[in-house]
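Welcome! Open the model in your viewer, and let's walk through it one selection at a time.

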Amino acid sequence: VDKMVILGKDYGKIGDDAGTNLSDEEVSEFVKAHPDRFIGFCGIHPDREKKRNLERVDRAVNDLGLRGIKLNPHSGFYPNDERLYPVYEFAQDIGIPVMIHSGVKAPQEGTRLKYCKPIFIDDVLVDFPNLIIIISHAGYPWVEETIASCLYAGNAFVDISTLNQLEEAMGGEVVLPTLKKLTAGLGAHRVLFGSDGIFNIEALISAVKNADFLDDRAKKKILGENAKEILNL
């Protein structure tokens, strides 16, 4: 792994109470420690004031050098919440990607699965056709819904992070069937490798490298070339 994206975390009040939010400043410190290795994204939550969120993204990008936005809807909002629309418009205008958690939720207390269905991202894809959107975790278990939402949205990308952990948790194949559906439906040029950071990533890398339905070119795209394009590396 040559480079890693450090994701800011804003779970709103849930995160405030639990002390688990990861601030833009903390993300920036990671990036400054190893700028050749780390890329930072800021976390946003619609419960913050609109002006505050816009100022936060502007500062994150222009002062702290962060290069994208991460949203965690399971902390109490739908991705198509119109309070986020000014943030989406700003991100679209300055050309930074927005990563949206989708599918199985984090185990943090107070989070809710109902906010994580990929269908709620469809409005954002339609209303912001030039905004680069990354849908995390393939929206699993709603993979077909993810594909259907993204099918005609060339600005949508899907990552496969955490799928190996889900495979272990659910006691059945997840990684390869999901990867096969995504590449068949969307093309390898719209699928991204991802790790979710704290977990052992060797199994997921090996799964991509050994997928017999992918050629070498497709594997290279998934394991890095697509991310380079999105992040302008």
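Start by selecting T162, which sits in the loop between β6 (156-159) and α7 (163-170). This is a predicted model, so take what you see as a prediction. T162 is not a glycine, yet its phi is positive, at about 75°. Most residues other than glycine have a negative phi. With a relative accessibility of 10%, T162 counts as buried.

Next, select A138, in the loop between β5 and α6. Here too phi is positive in a residue other than glycine, with a value near 60°. Is A138 buried or exposed? It is buried, at 0% relative accessibility.

Stay in this loop and pick P141, which lies between β5 (133-135) and α6 (143-150). Look at the bond joining Y140 and P141: the peptide is cis, with omega about 15°. Most peptide bonds are trans.

Now move to S102, in the loop between β4 and α5. S102 is buried, with a relative accessible area of 1%. Its side chain reaches the backbone oxygen of C116 at 3.1 Å. Beyond its neighbours within four places in sequence, S102 contacts several residues, including K117, P118, I135 and H137.

Finish with A106, in the loop between β4 (98-100) and α5 (122-127). At 18% relative accessibility, A106 counts as buried because the cut-off is under 20%. Which residues does A106 touch, leaving aside neighbours within four places in sequence? Show Y11, H74, H101 and T111 to see them.

Conventions:
Residues are numbered from 1 along each chain as its sequence is written. This is a predicted model: local features need pLDDT of at least 70, side-chain atom pairs count only at pLDDT 80 or more; totals for chains, interfaces and linings use all residues. Side-chain values use heavy atoms; hydrogens and water are left out. Helices (H or I, at least four residues) and strands (E, at least two) are DSSP runs, numbered from the N terminus. Buried means under 20% relative accessible area, exposed over 50%, partly exposed in between (1.4 Å probe, protein chains only). Contact means heavy atoms within 4.5 Å. A polar contact is a pair of N or O atoms within 3.5 Å; within protein, one must be able to donate a hydrogen and the other to accept it, and residues adjacent in sequence count only if both atoms are side-chain atoms.
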